[in-house]
Amino acid sequence: MKFYVKNTTIGLILNFIYPCYCRGCGKIGTAFCYCCYFNNTRENPAFFSKKDKNFRIIMACGMRKGVLGAMVAEYKYYSRRHFAPVFAKYLLDTIKCFKKDERFVLVPLPTISKHIRSRGFDHIRRICEDLSRISGFKTCLVLNRDKSAVQVGADAKTRLKQAKEAYKINSKASFDPKSHFLLVDDVWTTGASMRAARDVLEAELVRRGLKKSEIKISAICLVKNDGYEF
Ligand SMILES: [Zn+2]
């Protein structure tokens with residue numbers, strides 16, 4: 001005999017056993033309360049750029065600073081998985097702000113498998129799946145990552161070279177080449193990862209018969225480092 005328990009019930013039980021505290025104010029019951037979310041989006045607002053013509057639009061939920069910057073670091077380096085739905089909301093609100101009526105296919109930038117093992121989960125994919133649930137956008141694992149490519153600490157030129165070699169098309173993924181692809185990543189530093197991922201995806205779409213003018217690729221990140229342009 002199977003028991004079906006509503007997600008909300010599980011959430012309530014888990015919240016009782018392992019209470020969740022707001023990262024901003026410490027209030028019990030949520031990872032980031034409405035007030036802290038509202039205040040943070042005012043202090044550190046989302047923004048976009050259309051300067052790089054290789055992308056239709058590049059969006060960011062904010063700068064890498066304050067509580068948002070700290071949450072991204074804690075999510076990434078301390079596996080704070082319960083921040084994933086908060087980030088999904090940030091991403092959706094940012095998309096609604098700048099590209100309201102667009103139907104995207106979400107493409108998580110793949111993480112090195114060594115990092116997935118050490119974190120215990122694929123941090124970008126998890127955010128995309130949460131974003132899929134609240135937006136209705138499909139998440140498609142279009143890209144694969146080479147096992148060895150590491151980027152942390154390398155200079156901009158080296159990062160771009162490494163990044164270009166890092167991504168491959170996932171031959172098992174099925175997607176409509178005419179979709180509007182939204183590449184999703186956590187932190188924008190030099191942009192090397194996004195640009196390399198875009199180049200790999202574009203080459204595949206051209207190979208499938210699309211003209212460059214028909215290709216629709218955009219990008220979104222949670223936070224952008226100061227000192228680097230889109
Ligand atoms: Zn709060």
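One salt bridge is found across the interface of domain 1 and domain 2; the term means a side-chain nitrogen of Lys or Arg within 4 Å of a carboxyl oxygen of Asp or Glu. The model is predicted: local features need pLDDT of at least 70, side-chain atom pairs count only at pLDDT 80 or more, and totals for chains, interfaces and linings use all residues. Residues are numbered from 1 along each chain as its sequence is written, and side-chain values use heavy atoms, without hydrogens and water.

**Domains**
- An automatic or database assignment gives domain 1 (7-43) and domain 2 (45-224).
- Their centres, taken over C-alpha atoms, lie 25 Å apart.
- Ten residues of domain 1 and 13 residues of domain 2 take part in the contact (heavy atoms within 4.5 Å).

**Interface**
- Domain 1 and domain 2 bury about 990 Å² between them, 63% of it on carbon and sulfur atoms; this is the accessible area (1.4 Å probe) lost on being put together, summed over both.
- Arg23 and Glu74 form a salt bridge through their side chains, at 2.8 Å from N to O.

**Zinc site**
- Cys22 (SG), Cys25 (SG), Cys33 (SG) and Cys36 (SG) coordinate the zinc ion at 2.3 Å (donors are N, O and S atoms within 2.8 Å of the metal, or 3.2 Å for Na, K and Ca).
- The donor residues follow the spacing C-x2-C-x7-C-x2-C.
- The arrangement is tetrahedral because the four donor atoms subtend angles of 104 to 116 degrees (for four donors, all angles must lie between 85 and 135 degrees).

Conventions
Buried area = accessible area lost by both parts, 1.4 Å probe. Tetrahedral: all angles 85-135°; square planar, octahedral: opposite > 155°, others 65-115°.
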